[in-house]
Amino acid sequence: MPFLEEWTGQIPVFILSNIDSEDLIAAIEYHSLKVGGVITSEEVRSYKPRKEMFLEGLHRTGLKPDEVLHIGDSIVNDVYGAMQYGLDAVWLNRAGKDNQKSIHPTYIYSDLNAVTEMMKSQISSKIGKC
């Protein structure tokens, strides 16, 4: 997956998922994905958008909420979940769905290539300010 290949070794990339650990680990191994870590609802005994999974991600990475960008395709589980705990959130809206909720993502993109470009731009602008 080009997105993961782009960021492996540069930033901590974790997968947070509401599916069972065994199923997710099997998919990661099948696709030979390289990630910094995996956190599942089974493991934390809670489903997104509840706080447990997001807090565990912050704990494992040692990052603060304002240092994290959560990317997900569910406006409620991912975007609302992340934003209620202070994380910026990308709504990965591949199907061009209408936002029927009063949830306002930090960013909306239709694919991970656009997310990569935005992240590169953000990093470049921060480096330029140093």
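The model is predicted: local features need pLDDT of at least 70, side-chain atom pairs count only at pLDDT 80 or more, and totals for chains, interfaces and linings use all residues. Residues are numbered from 1 along each chain as its sequence is written, and side-chain values use heavy atoms, with hydrogens and water left out. The protein has 6 helices and 5 strands, where helices (H or I, at least four residues) and strands (E, at least two) are DSSP runs numbered from the N terminus.

**Overall fold**

- From the N terminus on, the order of elements is α-β-α-β-α-α-β-α-β-β-α.
- The radius of gyration is 15 Å, close to the 14 Å that the globule rule gives for 130 residues, so the protein is as compact as a globular protein of that length. The radius is taken over C-alpha atoms, and the globule rule is 2.2 Å times the number of residues to the power 0.38.
- The C-alpha trace spans about 40 × 35 × 30 Å along its principal axes.
- Of the 130 residues, 32% are buried; buried means under 20% relative accessible area, exposed over 50%, and partly exposed in between, with a 1.4 Å probe and protein chains only.
- Among contacts (heavy atoms within 4.5 Å) between residues at least 6 apart in sequence, 38% join residues at least 24 apart.

**Strands 1 and 2**

- Strand 1 and strand 2 pair in the parallel sense over 4 bridges; two strands count as paired if DSSP finds at least two bridges between them.
- In strand 2, G37 is the bridge partner of F14, and V38 stands opposite I15.
- Together with helix 2 (residues 21-30), these two strands make a right-handed β-α-β unit. A crossover is right-handed if, with the strands pointing away from the viewer, the path from the first strand over the helix to the second runs clockwise.
- Strand 2 is covered on both faces, with G37 and I39 buried on one side and V38 and T40 buried on the other.
- T40 counts as buried because its relative accessibility is 0%. Beyond its neighbours within four places in sequence, T40 is in contact with S17, I19, D20, S21, L24 and M53.

**Strands 3 and 4**

- Strand 3 and strand 4 also pair in the parallel sense over 4 bridges, and H70 stands opposite A89 in strand 4.
- With helix 5 between them in the chain order, strand 3 and strand 4 form a right-handed β-α-β unit.
- V68 lies in the loop between helix 4 and strand 3 and counts as buried because its relative accessibility is 19%.
- Leaving aside neighbours within four places in sequence, V68 is in contact with L58, L63, L87 and D88. V68 and P12 are 56 residues apart in sequence and 9.5 Å apart in space, C-alpha to C-alpha.

- In helix 4 (residues 51-61), the buried residues are M53, F54, G57 and L58. Seen down the helix axis, they fall within an arc of 135°, so they line one face of helix 4; the arc is that of the directions from the helix axis to the C-beta atoms.
- The cover over these residues includes strand 1 (14-17), strand 2 (37-40), helix 3 (41-44), strand 3 (69-72) and helix 5 (75-83).
- Just after helix 4, G62 has a positive phi of about 75°.
- The buried residues in helix 5 are I75, D78, V79, G81 and A82, and they pack against helix 4, strand 3 and strand 4.

**Nonpolar cores**

- A nonpolar core is a set of buried Ala, Val, Leu, Ile, Met, Phe, Trp, Tyr and Cys residues joined through side-chain atoms within 4.5 Å.
- The largest nonpolar core has 14 residues, and V79 and L87 have the most contacts inside it. Helix 4, helix 5 and strand 4 (88-92) each supply at least two residues of this core.
- A second, separate core has 10 residues, among them L4, V13, L92 and L112.
- Not counting residues up to four places away in sequence, V79 touches S74, A89, V90, W91, I103 and P105.
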